[in-house]
Amino acid sequence: MRLLVIGGSGFIGSSLVAKASERGDEVAYTYAHTPKSLAARSYHIDFNKDNGALETALAQSKPDAVVYCAVPNLDANESLHRQVSVEGVARTLALLEPATRFIYLSTNAVFSGLNGPYKEDAIPDAEACETDYKIYGMTKAAGESLTLKRPNSLIVRTATVDGKNAAGELSDRLEFLVSSLQKGARLKRFGDRYISPTLVDNLVDAVLEPLEPGFNYQGVLHIAGAERVTDFEYARVLARRLNVDETLVGESSFKAAFGSSGCLQDTSLDVRFTQGLLETKLLTIREQFRTIFQR
């Protein structure tokens with residue numbers, strides 16, 4: 001299979017490029033700033049500029065499938081979020097051959113957190129809450145809407161992705177937790193906020209599966225960890241895995257810290273429908289930690 005990963009220099013994208021290359025696919029990827037040391041052809045694309053770079057990447061790579069992972073930094077301005085997550089998607093879809101399979105990688109941030117856990121048919125409502133994720137979630141939802149209109153396309157929502165990058169380094173969030181616990185630092189984690197922790201390796205395995213011949217489902221898939229857990233539970237299980245004192249992790253209240261509106265309190269994804277379609281097993285947090293810390 002010839003695969004083009006748009007946004008292939010990020011944490012998820014580079015892991016996807018590495019995995020697809022490892023299994024023998026002919027892979028190319030795009031990057032916004034700095035290319036990665038990956039066994040794949042790279043193309044520089046700046047979504048601020050309509051200079052033909054996207055057209056060149058598609059024309060030269062001739063992909064059988066495209067996975068759209070491009071996303072700006074969370075603190076980017078609204079214009080850049082729209083250029084990457086909406087306008088970039090529209091431009092890409094307009095250029096694709098009908099036979100080209102398309103996956104748009106989206107996020108649980110399209111939801112407010114007021115009504116989790118969320119199933120695949122839940123209506124995005126990021127606009128319901130004034131949070132740091134509002135613009136990010138709203139523009140990702142707009143990209144979803146464009147994708148749903150095109151045949152031979154899929155939306156994959158994921159959540160709280162951690163693990164090791166293509167170079168074997170821990171993700172920033174997990175590195176902080178691991179280093180803090182190993183140093184004996186005391187941490188406070190919310191016991192009333194629910195998440196769906198996801199291992200990046202498990203995610204990319206599952207994302208590649210719908211690109212195989214015979215996988216004909218169109219619509220939305222929730223590819224995330226198999227469990228809905230609190231931040232507190234996640235950190236406690238991690239402490240046990242690291243063989244450190246789990247009481248280093250104390251429990252705090254999300255409601256007490258941020259009020260009782262319910263915004264962002266449960267952004268977990270219900271993966272049961274998607275798991276029924278996939279052969280790839282979505283992992284529990286214990287299985288994820290066992291994979292990351294193989295010993």
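Analyst: Let's go with helix α7, where Asp231, Phe232, Tyr234, Ala235, Arg236, Val237, Leu238 and Ala239 are buried. Buried here means under 20% relative accessible area, exposed means over 50%, and partly exposed is in between, using a 1.4 Å probe and protein chains only. That makes α7 a mostly covered helix, with eight of its 11 residues buried. Helices are DSSP runs of H or I with at least four residues, strands are runs of E with at least two, and both are numbered from the N terminus. Just past the end of α7, Asn243 has a positive phi of about 60°.

Before going further, a word on what you're looking at. This is a predicted model, where local features need pLDDT of at least 70 and side-chain atom pairs count only at pLDDT 80 or more, while totals for chains, interfaces and linings use all residues. Residues are numbered from 1 along each chain as its sequence is written, and side-chain values use heavy atoms, with hydrogens and water left out.

Now for a neighbour. α7 (231-241) is part of the cover over the buried residues of α5, along with β7 (161-162), β8 (187-190), β13 (249-252) and α10 (285-292), among others; contact means heavy atoms within 4.5 Å. In α5 itself (residues 172-182), the buried set is Leu174, Leu177, Val178, Ser180 and Leu181. These sit on the same side of the helix because they span an arc of only 165° around its axis, judged from the directions from the helix axis to the C-beta atoms. Asp172 and Gln182, on the other side of α5, are exposed. After α5 comes Gly184, again with a positive phi, this one near 85°.

Zooming out, the chain has 10 helices and 13 strands. Its radius of gyration is 19 Å, close to the 19 Å from the globule rule for 295 residues, so the chain is as compact as a globular protein of that length. The radius is taken over C-alpha atoms, and the rule is 2.2 Å times the number of residues to the power 0.38. Of those 295 residues, 54% are buried. Among contacts between residues at least 6 apart in sequence, 75% link residues at least 24 apart.
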